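Some notes on the model follow, in numbered points. Please read them with the coordinates open.

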Amino acid sequence: MARLPIGTAIRRIVFAAVIIGAAVWFIFFDTYSVRSRRAWQKELHRLEQENVNLRQEITLLQNELAQPPTDDAIEKIAREEYGMRRPGDVVYQVEHAQSDE
């Protein structure tokens with residue numbers, strides 16, 4: 001096997017070191033590194049899933065708005081959320097006991 005001249009061997013070593021250094025830089029340290037891209041892909045997937053969930057929720061809310069609430073539903077909301085009552089009703093306030101566990 002023939003030996004390469006020293007200059008050629010050094011050039012090959014320097015070239016290989018530059019290539020390896022560039023690869024390490026692009027994989028770990030660059031703004032668009034492989035790690036950054038992978039994190040962006042995970043975030044993209046999470047946001048796309050959140051979009052799907054929000055679109056489903058919007059559809060449900062639109063369907064709910066398309067049907068006017070019944071009188072019973074309005075009365076329930078008025079009593080439970082706003083504390084309203086009819087004349088003659090007796091309101092009992094119930095306090096929940098907290099445990100000291």
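1. Just after α3, Gly83 has a positive phi of about 65°. Helix α3 covers residues 71–82; helices here are DSSP runs of H or I with at least four residues, and strands are runs of E with at least two, numbered from the N terminus. The twelve residues of α3 should span 16 Å at 1.5 Å a residue, and the end C-alpha atoms are 16 Å apart, which agrees. The expected span is 1.5 Å times one less than the number of residues.

2. This is a predicted model, in which local features need pLDDT of at least 70 and side-chain atom pairs count only at pLDDT 80 or more, while totals for chains, interfaces and linings use all residues. Residues are numbered from 1 along each chain as its sequence is written, and side-chain values use heavy atoms, without hydrogens and water.

3. The protein has three helices and zero strands, in the order α-α-α along the sequence. Its radius of gyration is 34 Å, well over the 13 Å that the globule rule gives for 101 residues, so the protein is more spread out than a compact globule. The radius is taken over C-alpha atoms, and the rule is 2.2 Å times the number of residues to the power 0.38. The C-alpha atoms fill a box of roughly 110 × 45 × 20 Å along the principal axes.

4. Of the 101 residues, 2% are buried (under 20% relative accessible area, with a 1.4 Å probe and protein chains only).

5. Phe26 lies in helix α1, and α1 (residues 6–29) supplies the largest share of the nonpolar patch, seven residues.

Note on methods. Buried < 20%, exposed > 50% of the residue type's maximum accessible area, 1.4 Å probe, protein only.
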